[in-house]
Amino acid sequence: MNIGAALAPDAALASVVSTILVIVGKQDISTGIAIAIPLAAAGQVLTYVVRALTVGFQHAADKSIQDGNLTRLDWIHRSALLLQAMRIAIPALIVALTAGTDVVQEMLNAIPAVVTNGLKIAGGIIAVVGYAMVINMMRAGHLMPFFYAGFVVAAFTDFNLVALGVLGAIMAALYIQLHPKYNQSKVVQVVANSNNDLDNRLD
């Protein structure tokens with residue numbers, strides 16, 4: 001997730017290229033996950049380069065707006081988007097054309113086991129950190145039992161995502177119906193207006 005001007009590692013390039021290496025290069029999934037981490041860092045550098053190049057496109061777009069040339073503005077917008085697409089497409093194409101060659105196989109096999117295992121552990125930690133960030137953003141302690149119950153149900157049953165989603169919707173509906181916070185009855189106070197002072201005192 002990008003925060004301000006800080007760019008996160010490029011998950012798009014990492015996922016596309018590592019998938020190609022696993023399928024075409026006939027590598028196991030753990031190797032693909034390990035390779036995805038440095039690929040994400042490399043994609044982050046490419047993102048910086050592409051965004052630096054698009055600054056010129058933004059100035060050209062401002063000039064087009066001042067001139068009232070909407071056609072040129074449209075082409076500038078499309079060209080900037082094309083640069084973002086090429087940032088993923090060109091490395092993916094290069095890897096797809098060379099993944100099955102002996103050179104790439106030797107490069108992948110030359111990675112030390114210590115590095116591969118370390119990257120695998122780092123990949124697992126990243127997933128845990130992602131869950132921790134989601135829990136931290138939720139900040140709803142009273143909903144955590146449902147959170148843990150979902151993990152237990154997913155781990156010890158063979159339910160697919162559709163079944164888990166339906167089960168979660170049912171639990172959410174029951175929670176809303178049973179929780180007192182969502183069932184507070186509105187007390188309507190009727191104030192009787194009377195011109196009689198005696199009635200007002202009796203009220």
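The structure holds 4 salt bridges, a term used here for a side-chain nitrogen of Lys or Arg within 4 Å of a carboxyl oxygen of Asp or Glu. This is a predicted model, in which local features need pLDDT of at least 70 and side-chain atom pairs count only at pLDDT 80 or more, while totals for chains, interfaces and linings use all residues. Residues are numbered from 1 along each chain as its sequence is written, and side-chain values use heavy atoms, with hydrogens and water left out.

One of these salt bridges joins the side chains of R87 and D10, at 2.1 Å from N to O. The pair links distant parts of the chain, 77 residues apart, with R87 in helix α3 (residues 70-98) and D10 in the segment before α1 (11-23); helices are DSSP runs of H or I with at least four residues, numbered from the N terminus. R87 counts as buried because its relative accessibility is 13%, and D10 is buried with a relative accessible area of 8%, where buried means under 20%, exposed over 50% and partly exposed in between (1.4 Å probe, protein chains only).

A further salt bridge connects K63 with D67, their closest N and O atoms being 2.8 Å apart. These two residues lie 4 residues apart in helix α2 (residues 29-67), so about one helical turn separates K63 and D67. K63 is partly exposed at 43% relative accessibility, as is D67, with a relative accessible area of 44%. The side chain of D67 also meets that of R72 in a salt bridge of 2.9 Å, N to O, and the shared partners join K63, D67 and R72 into one network.
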